[in-house]
Amino acid sequence: MFSRPTDWAPYRPAVHLTPAKHWMNDPQRPILIDGIWHYYYLYNADYPKGNGTAWYHVTSTDLVHWQDHGIAIDKYKNGLGDIETGSTVIDANNTAGFGAGAVIAIMTQQHEGVQRQSLFVSTDGGYRFKAYDGNPVMDNPGVHDWRDPKIVWDAARNEWLMALAEGNKIGFYTSPDLKRWTYKSGFERHDLGMLECPDLFRMSIDGNPAKTRWVLATGANGYKKGMTTGTLYWTGDWDGERFTADNDEPRWLDVGADFYATVTWDDPRQSDAERLASRYAIGWLNNWAYATKLPTDDWHGGAASIVRRIELRSVDGMPVLVSQPIASLDTLEGNATVRSRVWVTDASKTTLPQPPSDAYRLRVELNAASQANEVRFHLKQGGGHFATVGYNFKDATVFVMRDTDAIADSMPREYREIRKAQVPASSDVVRLDIIVDTTSIEVFVNGGEVVLSNLVFGAHGANGLSVESFGGTTELRSFKLSPLKVVSIKRYGRDGDDER
């Protein structure tokens with residue numbers, strides 16, 4: 001129950017979604033049909049010898065346990081190239097003419113370096129899609145980067161709204177029928193590298209439906225700001241023509257190295273107020289700086305993150321997206337080992353309870369008034385290797401280091417860089433909620449005001465946990481270590497695909 005099957009590869013995650021084999025990358029926003037979430041991700045069965053991706057299909061009722069169904073949209077079938085990132089909607093009002101409730105996917109297809117937007121339709125509930133005869137529905141206007149359409153229904157204006165990544169710009173388009181699109185405006189940035197995988201949605205602040213903001217999110221490169229690639233966002237206003245940001249400087253949804261191509265969505269079963277108050281989010285746990293260099297043999301491309309619940313909260317008077325693990329992840333937790341008032345001195349090592357499973361959840365409350373300068377937790381420790389989650393009390397900074405893990409020496413510089421962010425204490429307490437799996441660490445700080453997601457590779461079988469304090473004594477007001485049950489993905493293969 002808490003131990004991975006003995007025939008699994010050493011690095012196969014216990015609670016994160018991965019394909020049985022071959023390559024995975026960008027998530028595609030899930031949709032809900034009859035109580036079942038339908039989720040797709042980019043998939044290359046020809047990796048590493050062949051290029052191009054298809055849409056692979058998995059389903060879930062709780063966004064924790066998954067069942068795969070094989071390829072839903074094949075690459076290289078309609079003469080317009082492979083199938084890349086896009087989004088899926090349920091056309092409840094039959095705006096496109098394929099029937100009320102048709103599942104419609106619009107995504108980028110790329111052929112000989114030219115990116116276009118195509119439409120595919122499913123009439124079997126999202127399991128298989130057929131190409132629209134009129135593709136492409138948006139032909140390339142003569143630009144190199146023109147991709148990743150994210151589509152939502154703008155109920156206030158009774159039209160479809162698209163955000164499209166166009167190099168240094170997010171373009172906005174509207175449509176009455178998902179086929180004919182009209183350009184409205186663009187949101188440009190020239191300090192964040194190439195923008196990818198945009199998202200645009202409205203949320204209430206602190207759950208108050210009378211107080212809302214639009215959120216524009218995008219994948220970007222933050223190297224000019226001391227970051228790596230990741231997902232950032234602005235809050236602002238959408239007036240039907242253009243997006244106006246509240247502030248010029250964006251915020252990061254996750255300041256770790258490995259949270260990219262993020263998608264968000266709400267739950268249509270909830271009331272309007274509830275849908276405005278919270279959404280789900282999932283990202284690709286990987287980074288293009290080293291995505292093809294990871295030491296996994298039976299599959300490649302990293303993993304999908306755990307699903308998070310995000311809210312727009314007032315933090316120091318500013319609207320901030322706050323992320324926490326979804327509640328259904330709690331069902332995986334076994335009997336917890338709990339300690340209170342643990343004192344970690346800088347003179348000797350403090351013995352901590354050891355994780356009884358490959359995947360676990362560690363919750364720690366740090367006394368911010370501790371005498372120490374810094375505290376460091378070493379995870380996946382063994383064979384001389386470990387990764388570090390730490391907090392510096394002097395500058396109120398949380399950080400993750402993996403320069404001493406088992407693969408750091410063979411990885412690019414970006415892998416060895418420290419990922420960090422300032423997180424002041426709340427009522428003299430710093431709360432760390434850490435989800436640890438065989439190849440990843442996701443750290444949620446102070447209720448998710450800051451999140452750091454990073455791939456981590458320990459020595460095979462290494463799972464030690466220890467703590468050190470520097471410059472004085474650190475008080476752990478509470479310590480809770482919970483094993484997580486293994487989530488075995490149901491593999492069923494479909495339509496000739498070789499997944500099992």
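Predicted model: local features only at pLDDT ≥ 70, side-chain atom pairs only at ≥ 80, totals over all residues.

Biologist: How many salt bridges does the structure hold?

Modeller: As a general idea, side chains of opposite charge can pair when their charged atoms come close. In this structure there are 34 salt bridges.

Biologist: Which residue forms a salt bridge with Arg 309, and is Arg 309 buried, partly exposed or exposed?

Modeller: The partner of Arg 309 is Glu 311, and their closest N and O atoms lie 2.8 Å apart. Arg 309 has a relative accessibility of 37%, so it counts as partly exposed. Glu 311 counts as buried because its relative accessibility is 16%, and buried means under 20%.

Biologist: Are Asp 148 and Arg 147 buried or exposed?

Modeller: Both Asp 148 and Arg 147 are buried. They form a salt bridge with each other, in which the closest N and O atoms are 3.9 Å apart.

Biologist: What is the N to O distance in the salt bridge of Arg 413 and Glu 414, and what is the relative accessibility of Arg 413?

Modeller: The side chains of Arg 413 and Glu 414 meet at 3.5 Å, N to O. Arg 413 has 52% relative accessibility and therefore counts as exposed, the cut-off for exposed being over 50%. Glu 414, with a relative accessible area of 24%, is partly exposed.

Biologist: Which residues do salt bridges with shared partners join into one network?

Modeller: That network consists of Arg 189, Asp 191, Lys 225, Asp 248 and Glu 249.

Definitions and conventions. Residues numbered from 1 in each chain as written. Heavy atoms only, no water. Salt bridge = Lys/Arg side-chain N within 4 Å of Asp/Glu carboxyl O. Buried < 20%, exposed > 50% of the residue type's maximum accessible area, 1.4 Å probe, protein only.
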